[in-house]
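Hi,

Here is the structure I promised to pass on.

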Amino acid sequence: YPPKERNARQEFNERHIPGASFFDIEECRDKSSPYDFMLPSESHFADYVGGLGVSNDTHVVVYDGDEVGTFYAPRAWWMFRAFGHKEVSVLNGGFKNWVKEGHPVTAEVTQPTPAVFKARLNKALVKTFDEMVQNVSSLKFQVVDSRPEGRFRGTELDQGLESGHIPGAVNIPFHSFLSETGHEKSIEEIQEIFREKKVDLSKPLTATCRKGVTACQIALAAFLCGKRDVAVYDGSWSEWFHRAPPHYKVSESKRSK
């Protein structure tokens with residue numbers, strides 16, 4: 001983690017589920033932001049997914065080709081939901097298991113018929129830097145961080161960036177929710193993981209990570225338990241590290257110096 005450098009479009013062109021369109025999270029984002037993968041504007045998202053043939057009536061199923069089973073797909077799933085689209089699912093087990101189970105794949109790229117998509121940002125599903133700063137003292141919502149433990153604790157670098165976490169955050173590495181085969185664990189197992197970390201799914205919850213991708217796995221896991229309102233801190237650690245005051249960055253490496 002992160003996965004080795006991959007060319008997702010090339011992987012898609014070589015083999016994909018018949019009829020699938022390629023959703024590029026490198027394209028469908030706010031390119032003017034200094035932070036990775038920030039949400040695009042409503043009109044940018046609407047134009048982008050409309051071009052993929054998605055209208056407001058389309059049931060969208062998202063998957064990715066990652067070896068862990070599911071890595072990027074929940075980000076696209078959450079983006080659709082953040083822009084008001086309810087009919088969106090993640091393929092359980094991802095492309096890896098689709099292939100393993102012997103389902104059809106193709107290299108034939110189909111051109112979707114463009115559709116009209118109207119996007120309306122649901123601000124309840126997105127947290128900003130200012131809201132996260134206020135929450136450090138107000139504790140209005142719980143914060144779960146989906147990064148590996150070493151990065152959360154600040155004991156290992158994260159792609160050259162010093163690591164650590166937001167005060168009060170709880171660490172549940174995203175892969176905790178995936179089985180050895182790369183499928184989502186059962187609802188009972190997921191509920192138990194949240195319980196062990198004392199995360200109350202009946203109360204407000206925001207997920208964070210390094211750049212807003214694996215945080216969406218927390219939102220998906222909670223969604224499977226019936227909690228549909230988990231917000232994602234879009235800027236995540238990459239923004240927090242650059243903008244938060246030093247005492248708002250909890251790191252064990254600092255203490256040991």
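These notes cover the ring pairs and then the charges over rings.

This is a predicted model, in which local features need pLDDT of at least 70 and side-chain atom pairs count only at pLDDT 80 or more, while totals for chains, interfaces and linings use all residues. Residues are numbered from 1 along each chain as its sequence is written, and side-chain values use heavy atoms, with hydrogens and water left out.

Searching the whole structure gives 16 aromatic pairs (rings of Phe, Tyr and Trp, the last by its six-membered ring, with centres within 6.5 Å; planes under 30 degrees apart are stacked, over 60 edge-to-face, the rest tilted). One of them joins Phe 80 and Phe 117: the centres are 6.4 Å apart and the planes at 80 degrees, so this pair is edge-to-face. Phe 80 belongs to helix H3 (residues 73–82) and Phe 117 to the loop between helix H4 (94–100) and strand S3 (126–127), so the pair ties together parts 37 residues apart in sequence.

Two charged ends sit over rings (NZ of Lys or CZ of Arg within 6 Å of the ring centre and within 35 degrees of the ring normal): that of Lys 127 is 4.9 Å from the centre of Phe 141, and that of Arg 228 is 4.4 Å from the centre of Phe 223.

Best wishes

Note on methods. Helices (H or I, at least four residues) and strands (E, at least two) are DSSP runs, numbered from the N terminus.
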